Amino acid sequence: MNLILQDMDFRELEYSYGPTVAQAVLNTLTLFNQRFKFLGIGRNRAVYTTSSGKYVMKVPVTSEGFTDNQRESRIYKSYPNSIYARAHLHHILPVGIPVLFMEHIQPTIKTLNELPSWVMSIDGAQVGLDQNGNLKAYDYGDQ
Ligand SMILES: Nc1ncnc2c1ncn2[C@@H]1O[C@H](COP(=O)(O)OP(=O)(O)O)[C@@H](O)[C@H]1O
Ligand SMILES: [Mg+2]
């Protein structure tokens, strides 16, 4: 699976942050498409895995993607080793695009009544298992 960059629309990003930032995001996606395995895309971020498979990298594709990345790294710092997947923010130069590095989570196929009640507080119940089999949220920028 690859991300088809031609089909993407960066106008919202350009409107919010200007053409230099929009171009830097496009450059980052082009580079990541060449280097890493594309995993999936949500409303605000395109996600790649590192070659070890232990981490994912979330590249923001909308202005909300920028704030989600910043919020997730802040939430993780405030509540490490809890229900939130381990996450660290890195700023990709030259422009400083905030790309979130997160531990890889295997999304769960369990139904809500088989999962603990905190899962209901996570948007879209986006949870799964970490490498040690612990249940964690992987999309929690709007917490
Ligand atoms: N930590 C993770 N481990 C494995 N897959 C992930 C992880 N985070 C995101 N993904 C995959 O990438 C997709 C988009 O990421 P997500 O965080 O949901 O972005 P958005 O905020 O745009 O919805 C998810 O639906 C999921 O398939
Ligand atoms: Mg999502």
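Mentor: Gladly, and let's start with a pair of strands. Strand β7 (residues 127–129) and β8 pair in the antiparallel sense, over 3 bridges. Two strands pair if DSSP finds at least two bridges between them. Helices (H or I, at least four residues) and strands (E, at least two) are DSSP runs, numbered from the N terminus. Before going on, keep in mind that this is a predicted model: local features need pLDDT of at least 70, side-chain atom pairs count only at pLDDT 80 or more, and totals for chains, interfaces and linings use all residues. Residues are numbered from 1 along each chain as its sequence is written, while chains are lettered from A and ligands numbered from 1 in the order in which they are written.

Trainee: Which residue of β8 is the bridge partner of V127?

Mentor: That is A137. Together with β6, these strands form an open sheet in the order β6-β7-β8, with antiparallel pairing. The edge strands, β6 (106–107) and β8 (135–137), each pair on one side only.

Trainee: Now the other strands. How many bridges join β1 to β2?

Mentor: There are 4 bridges, and the two strands run antiparallel. They form a hairpin with 3 residues between them, and F38 stands opposite Y48 in β2.

Trainee: What does β2 pair with in the antiparallel sense over 5 bridges?

Mentor: With β3, where V56 is the bridge partner of T49. The hairpin of β2 and β3 has 5 residues between the strands, and G53 in it takes a positive phi near 80°. V56 also has M102 in β5 as a bridge partner; β3 and β5 run antiparallel and are joined by 4 bridges.

Trainee: And which residue in the turn between β4 and β5 has a positive phi?

Mentor: G96, at about 95°, in a hairpin with 4 residues between the strands. β4 and β5 pair in the antiparallel sense over 6 bridges, and H90 has V99 in β5 as its bridge partner.

Trainee: How should I read a helix?

Mentor: An α-helix has 3.6 residues a turn, so residues three or four places apart point the same way. Take helix α3 (residues 63–78): its 16 residues reach 23 Å from first C-alpha to last, close to the 22 Å expected at 1.5 Å a residue. The expected span is 1.5 Å times one less than the number of residues.

Trainee: Which residues of α3 are buried?

Mentor: G65, F66, D68, N69, E72 and Y76. A residue is buried if 20 or more other C-beta atoms lie within 10 Å of its own, exposed if 12 or fewer, and partly exposed in between, with C-beta atoms placed from the backbone. Seen down the axis of α3, the buried residues fall within an arc of 165°, so they line one face of the helix; the arc is that of the directions from the helix axis to the C-beta atoms. The face turned away from that buried side carries the exposed residues K77 and S78.

Trainee: Last one: which element gives the most to the shell around ligand 1?

Mentor: β1, with 3 residues. In total 18 residues surround ligand 1, the closest being G40, G42, V47, Y138 and D139. Here a residue is near a molecule if its C-beta atom, placed from the backbone, lies within 6 Å of it.
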